[in-house]
Amino acid sequence: MSLERDLVSPDAEGDERAIESALRPKRLSEFIGQSRVREQLSLVLQSALRRERPPDHVLMSGSPGLGKTTLAMIIAAELGMPLRLTSGPALERAGDLAAILSTLSEGEVLFIDEIHRMARPAEEMLYLAMEDFRVDIVVGKGPGATAIPLEIAPFTLVGATTRAGLLPAPLRDRFGFVAHMDFYDVEELEQVLRRSASLLGLRLPDEAAHEIARRSRGTPRIANRLLRRVRDFAEVRTDGVITRDIASAALNLYEVDAEGLDRLDRAVLGALLRKFGGGPVGLSTLAVAVGEEPETVEVVAEPFLVRQGLLARTPRGRVATASAWSHLGLTPPPDAFGAPGLPTLFEDP
Ligand SMILES: Nc1ncnc2c1ncn2[C@@H]1O[C@H](COP(=O)(O)OP(=O)(O)OP(=O)(O)O)[C@@H](O)[C@H]1O
């Protein structure tokens, strides 16, 4: 069974995509937070514009909902170039990628989301395209097969991944600029919320913005979503005015806790503490315990738990920190920390 996690899931679904595109910053100057990435990217883009050449290929890594698609759109807008969007899972065969690459116009920006999920033959075709702006179209099969080289227009690839570690080195090395997107701090999320509230025509007092921001898992997508749920709550249950108490009551109703932990986060922590005594426990064992795929636990829950100092990834498995015990109101066993050498009972086989 999969945990229901609509509200704080960092993935966007259905109608949310349309709302998201209305809230997206359109230029680098409007993009909030990620100051280092912004500054570095701005240099890359300005220098490309001066040289009148497409910039180096850009790789963005980070958790879902941190603004990778938004930045890809901004890159195209800043360059004044069209943007073509696709994703790794859509590129099953080399032909899928060849069809896109062969129709790119000069300077166009190609965005491949979830680039780590691209099929191998497409990935190999991409190496040549990124380096030499050329693809080899293979005609025929077996010993008689021939590769016909096809020139393609110089383009800029923007790849996004939630799992940079899964990218093969030859692909990673072909990106001239790698942007690591981190979770946002509360102040930055307050700015995101103020901007969104004004675009949605909502009055959002600072204390209410603060309350929503600190429960948004460091993620703009979640901040925007919680804002809309707080607005619903205020409209239906009260006179429509958003206050700190209204924000807090709405978020309690939606089971987002004071640190922004959602149900999956709490399930992972709860299993780690209650079933495995705080660990160490292997990722797949932990995932089975919460009824989720290991990838979901690893990509969605863990980065935020690690960032909050509630969970540590060690070579022997996942371990709860002292804060995790206190966050869930549990008492750690006497040997929970610093009993080195004890056999690990819960490692994956
Ligand atoms: N720095 C930012 N400033 C303001 N809004 C932001 C920022 N980053 C993201 N957002 C908002 O968050 C939403 C999600 O962003 P986006 O779709 O770019 O995330 P993503 O990292 O590409 O996620 P995914 O990998 O799941 O597609 C967008 O609606 C956007 O408006």
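View 1. Helices here are DSSP runs of H or I with at least four residues, strands are E runs of at least two, and both are numbered from the N terminus. The model is a predicted one: local features need pLDDT of at least 70, side-chain atom pairs count only at pLDDT 80 or more, and totals for chains, interfaces and linings use all residues. Residue numbers start from 1 along each chain as its sequence is written.

**View 2. The buried residues of helix 12 line one face**. Helix 12 (residues 283-290) buries Leu-286, Ala-287 and Val-290; buried means that 20 or more other C-beta atoms, placed from the backbone, lie within 10 Å of a residue's own. Seen down the helix axis, these residues fall within an arc of 100 degrees, so they line one face of helix 12. The arc is taken over the directions from the helix axis to the C-beta atoms. Their packing partners are helix 11 (263-274), helix 13 (294-307) and strand 9 (317-320), with contact meaning C-beta atoms within 7 Å.

**View 3. The ligand lies between two domains**. Domain 1 (34-180) and domain 2 (186-253) both give residues to the shell, so the ligand lies between them; the bounds come from an automatic or database domain assignment. Of the 21 residues around the ligand, Glu-20, Pro-64, Gly-67, Thr-69 and Thr-70 come nearest, where a residue counts if its C-beta atom, placed from the backbone, lies within 6 Å. Helix 1 (16-23), helix 3 (68-79) and helix 9 (220-237) each give two or more residues to this shell.

Methods. Buried ≥ 20, exposed ≤ 12 C-beta atoms within 10 Å, placed from the backbone. Contact = placed C-beta atoms within 7 Å.
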